[in-house]
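The tour below moves from one selection to the next.

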Amino acid sequence: MSCSKDEDIAVKGDDKPVVVEETNGDLLKDYSSFEVTLPENLRALTSGANATFAVWPSIFFSANDDNTIDVYWEGSNTALDGHRHFTKISLLSKQIVAENPLPAALNLGNTRFLGYDKISGGRYIMGTSDVNSDNTLRKNPKLYCFDSNGTVKYTIDLWKDCDPANIATGQAGQAIMTYNKAGDTFGVYMGHRASGHQAGWLGFYKAETGERTFLRDWYISHNFDQRLLPLPDGRYVALAHGDALPKRSLFVEGWDVNKGRLGWLNYFDIPGKSGENVTKSSTGEVINLPNGNLAIVYATQRDHSTDKIVRDVRVAIVSGIATSAQKVIKENWLTNYASTAIDETAGWGMQIGRYSEDKLFLAWNVFKTQQSDKIQKTTFALLDNEGNLLKTKDTILNTSKKEGIKMIQPAQTMRRTSDGKYLVFLSEGSDPNKLRINMMQVKK
């Protein structure tokens, strides 16, 4: 592995949340939701070590041109065949309208889901590991391209050029598959293990044929909590979480599907020694801005010397990505949980979307400290394109669940409806067999 040290000096924001507009507007007036009943209970999000590093999501979805969404979700008993579902939901009638068939190979028990997205030609890509009763060592991941009838168009053995005896899909690494319409390509970004160590694995493919164009099979030691964003020019941006670099950091990097990496930039330096395996940070989410900059929202400690988990939400605005001039031009804390006596902290689970031409919509989960599975509420916020906080609003949805609804699942992408009127994101519903569809009205 080789890596270079970035010499750019970040422009630091104030330690306190900077609010440039009074928070007297009611963000909830633009929010609506509905629930659908599922044929079985939804698998709960994982906790324990995975909640510390990367939560294993149970919901992914893609948007269609007819204001329906195709929703991948997992039933609660992942050891059984048929526990995966691919459900079409209408945002107009607010109900399930079809069950999309999945290829049999994608719906076997004791396998690991490895990402999903919709690609060109009305087809889908989805990954899974081979069947393995050992829940830690998931070997031999495969990707399937299939149509709306569940007919497989091609299959990719993702470990084709790796030693299968020495590599397993990482339990702490999220698997992401992302389609880029500009180049008709897709990227596969996951964590994996080899000889007791973990790193990222990143490959790019032609969507039409499945031909691989580039592979980086050992991408920064201890990389986990993956994110991959398509750029309008056909390139990609990856967010990575490295705790074994010479310089521990959360970093962002541009990628060319044929040439590979285009240079990486720290957007947050993680205090501590290399390989400590304690980062007290969450990778967060990234979005394109109209001016070509990126907005990255993440959670981290203000004080990394304490053992108490109190993470605050922060935004970084990055310019010149994948060029020699890339740098962080603005940083801003959006919360200040660390300075209050209230038992609250940010953690995993953030979503960000384009609310209007000049505003961003952000939502994050708020937890009790030291309890990464106890969500207390969800906070909505508006930001401008410069990263300034405009408005915030806390919401607690009525629910029969004792722990509250896990409203924001990691690794999703907020998507706009085909008519451009709403941002959509999904969450657990009020009962184990409910799925909630959250909709935020977009402003013109």
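Begin with the largest pocket, which holds about 1300 Å³ of space. A pocket here is an open set of points on a 1 Å grid over the protein atoms alone, with protein on both sides within 12 Å along at least five of seven lines, and lining residues have an atom within 4 Å of a point. Grid points are joined across faces, edges and corners, and a volume is the space filled by probe spheres set on the points. The model is predicted: local features need pLDDT of at least 70 and side-chain atom pairs count only at pLDDT 80 or more, whereas totals for chains, interfaces and linings use all residues. Residues are numbered from 1 along each chain as its sequence is written, and side-chain values use heavy atoms, with hydrogens and water left out.

Select Tyr179, Pro230, Thr413, Met414 and Arg415; of the 42 lining residues, these lie nearest the centre of the pocket. Next, colour the elements that give two or more residues to this lining: β2, β6 (113–118), β11 (176–180), β15 (227–230), β19 (281–288), β23 (345–354) and β27 (415–416). Strands are DSSP runs (E, at least two residues), and helices are runs of H or I (at least four), numbered from the N terminus. Which strand gives the largest share of the lining? That strand is β11, with 5 residues.

Now move to β2, and show with it β3, β4 and β5. In that order the 4 strands form an open sheet with antiparallel pairing; two strands pair if DSSP finds at least two bridges between them. Because β2 (59–63) and β5 (95–99) stand at the edges with a single partner strand each, one side of each has no neighbour in the sheet. From one strand to the next, the twist averages 30 degrees, with axes fitted to C-alpha atoms and angles running from 0 to 180 degrees between N-to-C directions. Zoom in on β4 (residues 84–90), joined to the antiparallel β5 by 4 bridges. Lys88 stands opposite Ala98 in β5.

The whole structure has 4 cavities of 30 Å³ or more.

Finally, display the whole chain. Its secondary structure comprises 1 helix and 29 strands. Of its 444 residues, 58% are buried (under 20% relative accessible area, 1.4 Å probe, protein chains only).

How values were computed: Buried means under 20% relative accessible area, exposed over 50%, partly exposed in between (1.4 Å probe, protein chains only). On a 1 Å grid over the protein atoms alone, a cavity is a set of points where a 1.4 Å probe fits but cannot get out, and a pocket is an open set with protein on both sides within 12 Å along at least five of seven lines; lining residues have an atom within 4 Å of a point.
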